[in-house]
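I opened the model to take notes on its chains.

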Amino acid sequence: MKYILWTGAMAVALSGAAAPALAHHSLQSEYDINQSITLKGTVTKVDWVNPHVYVYLDVKDDKGAVTKWAVTTLPPGNLRRGGLTRDLLGYGETVSILAFRARDGANLAFLRTITFADGHKLEIWLGDASKENP
Amino acid sequence: MARAMSSLVAAMAIAALCASPALAQRRTADGHPDLSGVWAGREEAVKALAPGQSTRILFPVRTNPDDKRIFDEMDRAAKERQAAEPNKPPYKPELAGKVQLLSDKRQFNDPAFYCKPLGVPRLGPPSQIVQTPGLVVLLYQGRNTFRTIPTDGRAHNAEADWTWNGDSVGRWEGDTLVIDTAKLVEDSWLGADGWFHSNKMHVVERLSRKGDALTWAATVEDPVVFTKAWEMTPRNLKLNPNPKALLEEDPPCLEQDGPHIVTDDHH
């Protein structure tokens, strides 16, 4: 399993452009990091748009009832610089998504990791890997 | 040994000549510096991941990715950067409260948050310049924006309507392209910190090239809201070294978060 680390700082250095804002608003104002959620379902749509990419998911419960979820992540430019394209985000596939719920209770969450049926993972998140606990 | 020394001297002389800005300056047939080129992006296109390949993309926040305070840390770092900004617009003292209020509620007020154009001068420097005799075309990858700047000596268009990028005319002052822009709508901001302006704003941008470096500077006048002209912090760009580099289409902007923002936290 090959991991590639890409940071926005590198992107800025190479592009020579001003630092792009990650979130056009505060994530804190919209999502609760203490409410992590794991969603298992089928990706029904990928919205490759600014200011945030959206992945839409149909999640079935034990009785077969479907709940629709929207999961959002970084801007498309950040994903592109990390080697991702919209077709790699699992459209039509069954995936498991780790995310953090919206504070307003909507079926909306901010993505951390998508795990695919074959076991490969896309972690699209924030932070400084050098500060991770060993 | 002597031959090696002479080769070294010759090499140094060539290096010195190439480093001279005067010689490095590319000029068009009419004698002006040639500003054409892609002034953004990377030399090599990004290689897409193979299907089934795992990856990790971390947007830089100076804390452990597992830190439960990571959203707070993002806001804190952004506020620190804003507080440290040394070059704020010179608002009239009686407008300080309005600027602060707009800044505090930027998540609901900043037009750029809601997919409106950035407008001149918040657009900053162009991503690509296409220079022709009498016309300079400025291309901005962000939001697929263009501006056409006539440099044939014409005056501002008296019939032009107010727009986000205004009505621009260009002229050469020595080796500097000077772009004069008026008729800018008051709907845009100058920055995310509540930096509003009036429709009396007048912007003068200066573009100059030294070798493979482009400098963009802008002076903003707004007698309605400023006490004096505001000199924006100049930006320096490097020419994309790949002569075949192309700008990429920016995906559309579709704001969907506003209705879900439930606190005043901001950065």
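In which sense do strand E4 (residues 135-140) of chain B and strand E5 (residues 145-150) of chain B pair, and over how many bridges? I looked the pair up and found it antiparallel, with six bridges. I keep in mind that this is a predicted model.

Next I went through the residues of this pair. B:Leu138 faces B:Arg147 in E5(B). I then checked the connection. E4(B) and E5(B) make a hairpin, and four residues lie between them. In the turn I noted B:Arg143, whose phi is positive, about 60 degrees.

I stepped back to chain B as a whole. I counted five helices and eleven strands there. Along the principal axes, the C-alpha atoms of chain B take up a box of roughly 75 × 55 × 35 Å. Chain B has 267 residues, and 28% of them count as buried. I also looked at contacts in chain B with a separation of 6 or more. Of these, 55% come from residues 24 or more positions apart.

Then I turned to chain A. Its secondary structure holds two helices and seven strands. I wrote down their order from the N terminus: β-α-β-β-β-α-β-β-β. How many of the 134 residues of chain A count as buried, as a percentage? I noted 40%. Last, I took the contacts in chain A between residues at least 6 apart in sequence. Residues at least 24 apart are joined by 52% of them.

Methods. Residues numbered from 1 in each chain as written. Chains lettered and ligands numbered in written order. Predicted model: local features only at pLDDT ≥ 70, side-chain atom pairs only at ≥ 80, totals over all residues. Buried ≥ 20, exposed ≤ 12 C-beta atoms within 10 Å, placed from the backbone. Contact = placed C-beta atoms within 7 Å. Pairing = 2+ DSSP bridges.
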